[in-house]
Amino acid sequence: MNESAPPKPGDIAPVRSIGVRTPMVDGPEKVTGRARFSADFVEGEALVGRILRSPVAHAEIARIDTAAAEAMPGVLAVVTGADFRDTFGVLPIAMNEWPVARGRVRYRGEPVAAVAAVDVATAQAALDAIVVEYDELPAYFTAEDARAPDAVQLHESRPGNLERHVDYEIGDVDGGFATADLVRERSYHCAEVCQVQTEPHAAIADYDAERDRLTVRPSTQVPFYVHLMLERTLGMPRSRIRVAKPHVGGGFGCRTETLNVELIAGALARKAKGTVRIVVSREETFITHRGRPEQTVRLRIGMRRDGRIVAVDCETVQRGGGYSSYGVVTILYSGSMLFALYDLEAVRYNGYRVLTNTPPCGAFRGHGTVNVRFAFESLIDEMAAELGLDPFAMRRANLLSAPTFSANDLMINSYGLPECLDIVERESGWTARKGKTGKLRGLGVACSHYVSGASKPVHWTGEPHATIHIKLDFDGCLTILTGAPEIGQGSSTILTQCVAEVLGIDPGRCRIIASDSAITPKDNGAYSSRVTFMVGNAAIDAATNLKTMLVEAAARKLEVAPEDVECLGEVYRAGTQDEGLSFDEVVMAALEGTGTITAKGNFDTIPESWGGKKYRGAAIGGSMAFSYAAQVVEVEIDPDTAEIHVVKVWVAHDCGRALNPLTVEGQIEGSVWMGMGQALTEETRYHNGLGITGNMLDYRVPTIVESPPIEAHIVESIDPHGPFGAKEAGEASLAGFIPAVASAVADALGVRVRELPITPDRLMEILEKRDRGASRPAAAEADA
């Protein structure tokens with residue numbers, strides 16, 4: 001058949017979009033520089049917003065005088081804590097932070113005032129003119145110091161400076177230890193780390209004084225939560241607020257909560273009765289990072305000779321910073337996600353989230369799970385070696401069998417971890433190469449997992465978890481309206497693919513508009529890997545409802561019953577011999593008598609996925625599905641510098657159905673790379689509360705030079721509830737890298753490193769202690 005000839009009726013088939021390697025729909029804008037981020041919205045008369053920050057870590061604000069700043073020519077607004085109606089935060093029970101400090105500062109760099117002026121020089125002069133007097137209080141920069149009996153309370157409502165203590169025991173833990181053939185206890189320490197997304201925090205706010213309307217364009221992952229917090233802190237009706245998220249230059253968790261930048265911009269714009277643009281510096285972005293907290297983990301595990309884990313006792317302490325942030329959720333995740341990876345029946349957990357005089361920590365890719373997983377995988381590897389077991393065999397002895405519920409009532413319907421293990425074992429040549437890689441080289445393996453969205457949202461309203469609208473009009477273009485934020489993870493592409501697949505049309509027929517509260521339906525945001533699973537299902541529902549409308553319209557036109565209409569994407573027909581109607585003809589038929597069509601789709605989680613009630617907070621960790629990953633890491637150690645060179649990484653990730661293999665592979669590789677940073681180089685450090693790594697030189701993110709070859713394999717354990725069987729793809733592969741590289745170092749050198757990051761100086765110190773025959777140090781021990 002000539003390629004230019006029209007297809008015969010029998011040759012017509014719907015266009016397939018799912019499982020196809022599809023470039024991102026917003027790719028052209030990003031690679032050409034046309035994409036507009038928050039900082040790019042430079043209006044002609046936009047004022048410059050600047051923030052004055054506290055030079056002390058803990059103090060009462062005795063006096064603040066802004067009169068001189070307010071009197072300066074070119075200064076249109078000055079705000080302090082008194083200009084805000086209420087506090088903000090993540091959980092309704094933990095909103096204890098003011099956008100600008102009110103009464104007390106609790107970390108160095110906390111905002112104490114902000115100005116809006118005609119230019120940068122005037123704004124800076126105004127900040128310099130503000131007088132603040134502080135009555136300093138004792139400051140605590142470690143969790144241990146903050147928990148001391150005589151420590152001053154950072155918040156009156158948090159005795160002992162404890163944001164949250166979580167404790168539970170499931171199963172007979174002591175009985176399990178009594179039956180174990182080997183019991184080992186170790187302690188691990190993980191440094192605080194920052195997301196270091198490309199785009200600094202920014203927001204542009206425009207206030208229409210005549211209409212009393214506020215529009216904010218923030219760099220955020222959660223436009224809906226920003227909307228709620230603007231309402232709460234400014235005292236404005238939510239109907240007069242519009243939040244429109246532009247392109248976002250990375251999030252990785254740091255923007256899964258409202259940040260003070262957005263709220264300050266809104267307050268300044270309202271007071272100045274105009275437009276205010278705030279773009280904070282890289283150092284300020286580090287201060288407002290909301291990264292992964294410094295954490296210590298004491299872990300005790302009991303294991304039988306066959307590798308079966310029979311008891312777990314975990315105690316962990318997180319340095320949370322001066323305010324709640326995601327702290328309650330983080331410490332709960334650290335406990336709940338001990339489960340659902342392996343078959344554990346007896347677990348005791350004590351988690352402490354401690355308030356300190358450091359910048360607040362929040363969510364970070366792999367939220368709450370990464371540091372405890374480092375400890376867990378490291379210890380079971382060490383115990384397997386002591387029992388003479390292969391690390392793969394030991395892990396296989398503890399696998400789950402899906403469908404099932406974990407001992408803490410997490411629902412598991414798909415479980416591709418066995419295949420993940422098989423793949424990385426085979427592809428890395430583990431059996432033939434383990435122990436034979438040569439001097440100063442080693443192999444390590446680890447597993448990890450993550451949720452596909454939290455089954456209970458932060459703000460429970462009774463609404464669906466996700467809603468999609470599809471608008472169809474005379475032009476035949478499907479406009480997908482979603483509140484789900486595209487933050488670089490490819491969610492807009494996935495939603496377009498889902499809609500196109502249901503209707504059998506080319507994705508080019510679709511356009512997508514995301515995250516503008518004036519246009520799109522509300523969505524909870526991009527966090528906990530929820531968008532593909534939840535919003536993807538809503539997109540399928542909306543597309544299915546639209547397809548029903550189109551089939552009914554075609555049936556009327558063809559004078560047949562709807563069940564006799566065959567939808568072939570661009571053609572709707574009533575039989576193979578019928579030429580049928582084109583898509584555009586069906587659209588016009590559907591518009592008759594109704595006009596523009598809007599199809600709605602929703603998604604809700606099922607009660608079985610909501611987690612259990614065996615302890616307070618057990619709902620945290622509940623998810624409709626879990627992704628799984630296994631990876632093998634090969635390293636080589638420089639004998640002179642102790643520098644760790646990652647030779648290669650083999651990773652297999654169970655993401656259910658890979659809706660877009662191209663973006664799935666990118667997410668897997670990004671997760672591994674981010675795990676490498678935490679494992680080997682990254683560490684947020686402070687001196688008396690002052691950040692000393694608040695730049696891209698002192699905070700060592702791996703570059704392309706350090707990036708190893710990553711061989712990514714996709715495992716598709718089709719989940720019965722996922723969109724076309726899909727699960728999350730962007731977080732589970734992070735946590736496994738860290739213990740895998742630590743085990744590879746142990747294989748190469750014979751020492752177990754239990755402190756992150758594993759920097760050359762830290763590793764060299766461990767080796768020198770070993771060579772001197774020192775007694776076992778806290779951070780490492782020679783293998784038995």
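Helices (H or I, at least four residues) and strands (E, at least two) are taken as DSSP runs and numbered from the N terminus. The structure is a predicted model, in which local features need pLDDT of at least 70 and side-chain atom pairs count only at pLDDT 80 or more, whereas totals for chains, interfaces and linings use all residues. Residues are numbered from 1 along each chain as its sequence is written, and side-chain values use heavy atoms, with hydrogens and water left out.

R255 is placed in the loop that joins β11 (241-243) to α7 (260-272). With a relative accessible area of 0%, R255 is buried (under 20% relative accessible area, with a 1.4 Å probe and protein chains only). A polar atom of the R255 side chain lies 2.6 Å from the backbone oxygen of E199, and the side chain of R255 also makes a polar contact with the side chain of H201 at 3.3 Å; a polar contact is a pair of N or O atoms within 3.5 Å, of which, within protein, one must be able to donate a hydrogen and the other to accept it, and residues adjacent in sequence count only if both atoms are side-chain atoms. When residues up to four places away in sequence are not counted, the contacts of R255 (heavy atoms within 4.5 Å) include Q197, S219, V222 and G250.

Strand β20 (residues 478-482) pairs with β21 in the parallel sense over 5 bridges, and C510 in β21 is the bridge partner of L478.

Of the 155 residues in the largest nonpolar core, F376, L417 and L763 touch the most other members; such a core is a set of buried Ala, Val, Leu, Ile, Met, Phe, Trp, Tyr and Cys residues joined through side-chain atoms within 4.5 Å. Helix α18 (residues 732-749) contributes the largest share of this core, 12 residues. Beyond its neighbours within four places in sequence, L763 is in contact with residues including I637, I644, V745 and I758.

The axes of helix α10 (residues 370-386) and α18 come within 8 Å and cross at roughly 35 degrees, the axes being lines fitted to C-alpha atoms, for helices over the stretch in contact, with angles running from 0 to 180 degrees between N-to-C directions.

How values were computed
Buried < 20%, exposed > 50% of the residue type's maximum accessible area, 1.4 Å probe, protein only. Pairing = 2+ DSSP bridges.
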